[in-house]
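User: I have a structure open and would like to go through it. Can you take me around it in plain words?

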Amino acid sequence: MEQRQLYLRDILAVLFRRKTLIVGFILLTFALVFVGNYVWPETYESTAQVQVKRGRETMGVDPSVLEIGAAVPMVQMSSYDVNTIINLVYSNDVLHNVVEATELDRGMTGGFMQLVRGTVREVQYALRLKSRPDPVQEAVEDLRRAIRVDPVRESYVLEIRCHMGEPELASAVLIALIEQFQEKHKEVYSTTELSAFFTEQFNRVRTELEEAQADLRAYRNENRIVALDVEKERLVEEYSNAQRLLGQLEDTQAVTEVLEDDDGIETILDDQAIIDRDITVKLSQQTESTVVTELQLRLLDKIVDRNRLRNTLGPRHPQVVGIHDEIRQLTDRLREAIDSTREMTIKRITDIEEEVERINDRIGEFENLQRDVEIAAENYEYYRKKIEESTVYDRMAEENISSIRITSSPTLPDNPIRPRRLLNLVLALIGGTIGGASLAFFFEYLDHGLKTPEDVDYYLGVPALASFFQTPYEQLDPRGAQRLSAVIDSLPDRDPVQVLTVASSIGGEGSHRVARALADAQADAPDART
């Protein structure tokens, strides 16, 4: 059936009609919460704060400063250190010792949630859904859920909380927990067993360092490493000179090939083409070989003399021809000197390469020995620091110095943290009001009857003449029936009223009394038309 549009008056009418249900639900909810506040087991919370530094906080500290009451330098903790400390508090060993120290395995009161968990476990044990564990281990698991460790922001402090059903028990358990945590922290970060190992490794590394240093000194003295560097520089320079000499010999060789050619000689005799071929320039250059250089200069002098005499005496003069023969002889000697020098230079380059390779091998071996010394020195320094650290830790253990400092002792709570009675009552009123209203609208949704004059007009198409609001035991005012009778009499004649329906939306509203009163009013009216 199509629903008509709802108005604020309809909502208020629903709340008014269902006021008994709403008020009853509020009272019931309030009563249940009120009783539950006193039935609910109380939970007390004891809190403490401890200052924690990571286990290796005295790294590099002089053992002489570790006196009773002396300040110990600390280093900053990372998030990994904090998480490690927190997991240490929750460790099974710590909680097991606390359970034994406080006898929690005989029974532990932990408030409502502990009661619920205990009941659920007993049901599981009874139904054989779960095997009953050892009482101590069961108490350990309950204790793990009863404590909470949180780091205080931007500080080295951890806040530890313990929830128990009794204030004295909560404080006692927290005291035992901190004591066992301190002992476990010392045990975990103890270096007593490592001291002998570090000492043994230190002695071994020290021997290796001494042997490496001795080998390095002996090798340096034997191979004269400093002289090797100088020798290598000299050989590299000599190698560069030899390579440069080969290039010079190639240029001079090209000149001798031109001078050995008969056509080239005739060209030299006839004109100045030798200058155009840069022969004069190449012969005038100094080389790394004194023999070749001397022959080049002598050949150049002969060529200059020949050119001068040719210009004065003529190209066919006997004296010019004689100088020409001398040029040929000098050219042959220069070629022989070039070949000999080239052969010796190539051999020398090969020897230099072999010597440089041998020097590089010796220098590389020296560097390896030097690297071994550096590695041994690093290991030596590492184990030396470890021995110092272990010595510091041993002194701390002897002096009972701990990196766990109690900044706030466990408190003895006066008031329980649960249940919060006032808050629960306020929430009961709010929840009861919301719940009652929700039930009222739910029942109203399930009721498809006609409840308002507007419903009658919308669904039946029949106008409602009047409505009466009264309790089941309230007497109807006769004047209301008389007014309704007057309204009926004033209706137009073209629409005579023959049947009147008196209905109610809820049983017990007294619709029969309204109908009887209306009938009495019509009977008493002399001009009634119905």
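Analyst: We can start with one term: a nonpolar core is a set of buried Ala, Val, Leu, Ile, Met, Phe, Trp, Tyr and Cys residues joined through side-chain atoms within 4.5 Å. Buried here means under 20% relative accessible area. Keep in mind that this is a predicted model.

User: OK. Which residues touch the most other members in the largest nonpolar core?

Analyst: Leu104, Leu143, Leu158, Met164, Val173 and Leu177 do, in a core of 33 residues. At least two residues each come from strand S1 (44-52), helix H3 (79-89), H4, helix H6 (135-146), strand S2 (147-151), strand S3 (157-164) and helix H7 (167-188).

User: And which of them gives the most to this core?

Analyst: H7 does, with eight residues. Another core, of 17 residues, lies apart from the largest one, and Leu249, Leu309, Ile323 and Ile338 are among its members.

User: Switching to holes. How many cavities of 30 Å³ or more are there?

Analyst: The count is one. The space in this largest cavity is about 30 Å³.

User: Which residues line the largest cavity?

Analyst: The lining is made up of Gln248, Asp251, Thr252, Lys282, Gln285, Gln286, Thr287 and Gln296. Helix H9 (residues 225-260) gives the most to it, with three residues.

User: Now rings. How many aromatic pairs does the structure hold?

Analyst: It holds five. In one of them, the centres of the Phe30 and Phe34 rings are 6.4 Å apart and the planes are at 20°, so this pair is stacked.

User: Why does that angle make it stacked?

Analyst: Because planes under 30 degrees apart count as stacked, and the planes of Phe30 and Phe34 are at 20°.

User: What about Phe442 and Phe443, how are their rings arranged?

Analyst: That pair is tilted, with centres 5.9 Å apart and planes at 55°. Phe442 is partly exposed, with 45% relative accessibility, and Phe443 is partly exposed with a relative accessible area of 36%.

User: Which residues do ring pairs link into a cluster?

Analyst: Phe30, Phe34 and Tyr38. Tyr38 also has a charged neighbour: Arg421 lies over its face, at 4.9 Å from the ring centre.

User: What sits over the ring of Phe16?

Analyst: The charged end of Lys19 does, 3.9 Å from the ring centre.

User: Last topic, the backbone. Which residues does a cis peptide bond join?

Analyst: Arg418 and Pro419, with omega about 0°. Pro419 is placed in the loop between strand S4 (404-408) and helix H15 (421-446).

User: And what is the phi of Glu103?

Analyst: It is positive, about 55°, although Glu103 is not a glycine. Glu103 is found in the loop between helix H4 (92-102) and helix H5 (111-126).

User: Is Glu103 buried, exposed or partly exposed?

Analyst: Partly exposed, because its relative accessibility is 41% and the partly exposed class falls between the buried limit of 20% and the exposed limit of 50%.

Note on methods
Residues numbered from 1 in each chain as written. Predicted model: local features only at pLDDT ≥ 70, side-chain atom pairs only at ≥ 80, totals over all residues. Heavy atoms only, no water. 1 Å grid on protein atoms, 1.4 Å probe; cavity = no way out; pocket = protein on both sides within 12 Å on 5 of 7 lines; lining within 4 Å. Points joined across faces, edges and corners; volume = space filled by probe spheres on them. Helix = DSSP H or I, 4+ residues; strand = E, 2+ residues; numbered from the N terminus. Phe/Tyr/Trp six-rings, centres within 6.5 Å; stacked < 30°, edge-to-face > 60°. Buried < 20%, exposed > 50% of the residue type's maximum accessible area, 1.4 Å probe, protein only. Lys NZ or Arg CZ within 6 Å of the ring centre and 35° of its normal.
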